[in-house]
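Q: I'm new to this one. Can you walk me through it?

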Amino acid sequence: MDKVEVTRSSVGPVDLDALPRLGSSYGHKKDEENEVGSTITFDPAIQRSLLRKCDWFILPPLTFMYLCNALDKGNVANAKTDGWDKDIGLTGDQYYLLVMIFYVPFCLFGTPISIFVKKFSAARVLPLMMIGFVKIFAIRWFLGIFESAMLPGVVYYLSTFYKRGELASRVGLFYAAAAIAGAFSGLIAFGVFQINNPHHHSWQYLFWIEGSGTITFALFAFFWLPKTSDTWWILTDEEKALARRRILEDSSSEINEKFNFREAFKPFENPLYWVWAMISLSLGVPLASVNNFLPQIVASLGYSTVKTNLFTVAPNIVGTVALLVLTFSSDYFRERSIHVAIPLAVSLSGFVVLGCIDPIAHRGVAYFACFLLTAGASAPSVLVATWYNNNTPQESRRAVVTAVMVALANASGLISTNVFRAQDEPKYVPALATSAAFGGLCLILVAGTGFWMRWENRRRDKLQGVVLTARDVPTETLSQGPLNPSFRFMY
């Protein structure tokens, strides 16, 4: 059988009638509006206007929300360098236990709260979570509960506004807030720790300043963020129609579908999602190690408290730049697996270098290794989250899958916090070796999954006598997901 190459232009989806050999389920929709809508074209100027509004009115508030989230979650590491743990009477491994406690509810409550996000909109649930985790910041357990749905909720929320080929860069911009938080937290701590007040410790001012900013912005976000594009007051009728059409063509099989608990968990009948679960779990260990213990790793170089916090700024800035370069490149090429593998290899090399040298005797090399850690830590998390989102066209399933995978990645924080032990200071060799091992496992799984997806797409092309990519098949026809023979993986 001769192969027919099929592509979809930028102004419209594939003509389904021209593809009779792609299986009976291809294009089968009862909704006549969707079938008629698939032939509609829009003025490119309207599309540019829509994207500008999403980029300028949705992304910045979400990014600042996550910046506050990351600052409030990670400022205990900066406070520790100012003696916070000693001031409140922590001894031995109690500080590391305190960090670990946060991850237990962080893992357990992400999925149920994300279901609320799907049912009641991320635009309302997430700001409420922000207020909650600041008001009871001192109780790390509850902090973990209120922060658990932030990342999966935002990734799902953005997937209802952006096409699959636009999602990684937008999640990257949003997630850059976490990397920027590392730089900002170092700068803020550097400035705040200059305060000399006999009545209060410097670390108390750190908590007060960062917490009050979070509460204020959460109230703003609650009233500002739109629930859906259909109800967003800032969009014109044409832009609302275009927003709906874009998502049906290249993101979701159905918009605002009713949540069904049983259907939402169906992806886990597919072995691929268990592989993604192992990927999420393994990538989380090096990520948590960098996020939680970078100040301690830098402190192992023998610098003062002030210099330690200041020297965490540059590695976090490099990590942010690397994250943005990789996510924008991934969207441009519509490729995920190679863009995940590259930063994994970079961070793996950083852990190996730090574990093999004496950081005091080789300060320059050790500090360079810190740049390797941050350059490779954040991008895999963003790109893997985008990867399984891109291959899950059903909204309810996507919300649950994202929550479960992020929870597994967060569960890795339990591993990381348990291997960074007080008796291993200042080199933390067992912790560095463990982080490197999990990073290496993740690299193997990612490479294997990317290879399999390419092979599976070619196999389906050969069986159907066509040449298709994920871009060529409208997602509104893919309610069955990978079970539909027309489905093509974004790899």
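Predicted model: local features only at pLDDT ≥ 70, side-chain atom pairs only at ≥ 80, totals over all residues.

Q: How many helices and strands are in the chain?
A: The chain has 20 helices and two strands.

Q: And what share of the residues is buried?
A: Buried residues make up 60% of the 491 residues.

Q: Let's pick a helix pair. How do helix 16 and helix 18 meet?
A: Helix 16 covers residues 313-333 and helix 18 covers residues 363-390. Their axes come within 8 Å and cross at roughly 35 degrees.

Q: Left-handed or right-handed?
A: The crossing of helix 16 and helix 18 is right-handed.

Q: Which residues make the contact?
A: On helix 16, they include Ala314, Pro315, Gly319, Ala322 and Leu326. On helix 18, Tyr367, Phe371, Ala375, Ala379 and Val382 are among them.

Q: How does that contact split by class?
A: Between helix 16 and helix 18 there are 13 nonpolar residues, six polar ones and no charged ones.

Q: Moving on. What does helix 17 pack against?
A: Its buried residues pack against helix 14 (271-299), helix 16, helix 18 and helix 20.

Q: Which residues of helix 17 are buried?
A: The buried residues of helix 17 are Ser337, His339, Val340, Ala341, Pro343, Leu344, Ser347, Gly350, Phe351 and Leu354.

Q: How far does helix 17 reach?
A: It has 20 residues and reaches 29 Å from its first C-alpha to its last. That is close to the 28 Å expected at 1.5 Å a residue.

Q: Now helix 12. What span should its 14 residues have?
A: Helix 12 runs over residues 237-250. At 1.5 Å a residue it should span 20 Å, and its end C-alpha atoms are 20 Å apart, so the two agree.

Q: Which of its residues are buried?
A: In helix 12, the buried set includes Leu242, Ala243, Ile247 and Leu248. Glu239, Arg245, Arg246, Glu249 and Asp250 are buried too.

Q: What does Asp250 pair with through its side chain?
A: The side chain of Asp250 has a polar contact of 3.2 Å with that of Arg334.

Q: Where is Arg334?
A: Arg334 is in the loop between helix 16 and helix 17.

Q: Is Arg334 buried or exposed?
A: Buried, because its relative accessibility is 14% and the cut-off for buried is under 20%.

Q: What else does Arg334 touch?
A: Leaving out residues up to four places away in sequence, Arg334 touches Arg164, Gly165, Ala470, Arg471 and Met490, along with Asp250.

Q: Switching to Glu456. Where does it sit?
A: Glu456 is in helix 20, residues 429-464. At 6% relative accessibility, Glu456 counts as buried.

Q: What does its side chain contact?
A: The side chain of Glu456 makes a polar contact of 3.0 Å with that of Arg460. Glu456 and Arg488 are 32 residues apart along the chain, and their C-alpha atoms are separated by 8.4 Å.

Q: How far is Lys258 from Lys119?
A: They are 139 residues apart in sequence and 8.1 Å apart in space, C-alpha to C-alpha.

Q: What stands out about the phi of Asn256?
A: Asn256 has a positive phi of about 55 degrees, although it is not a glycine. Most residues other than glycine have a negative phi. Asn256 is in the loop between helix 12 and helix 13, and at 44% relative accessibility it counts as partly exposed.

Q: And the phi of Tyr428?
A: Tyr428 also has a positive phi of about 55 degrees. Its place is the loop between helix 19 (395-419) and helix 20. At 3% relative accessibility, Tyr428 counts as buried.

Q: Last one. What does Ser412 touch?
A: Ser412 is in helix 19 and counts as buried, at 0% relative accessibility. Not counting residues up to four places away in sequence, Ser412 touches Ser280, Leu281, Ser282, Gly284 and Val285.

How values were computed: Residues numbered from 1 in each chain as written. Heavy atoms only, no water. Axes fitted to C-alpha atoms, helices over the stretch in contact; angles between N-to-C directions. Helix = DSSP H or I, 4+ residues; strand = E, 2+ residues; numbered from the N terminus. Left-handed = near helix turned anticlockwise from the far one by under 90°. Contact = heavy atoms within 4.5 Å. Nonpolar A, V, L, I, M, F, W, Y, C, P; charged D, E, K, R; others polar. Expected span 1.5 Å × (residues − 1). Buried < 20%, exposed > 50% of the residue type's maximum accessible area, 1.4 Å probe, protein only. Polar contact = N/O pair within 3.5 Å; in protein donor to acceptor, adjacent residues only side chain to side chain.
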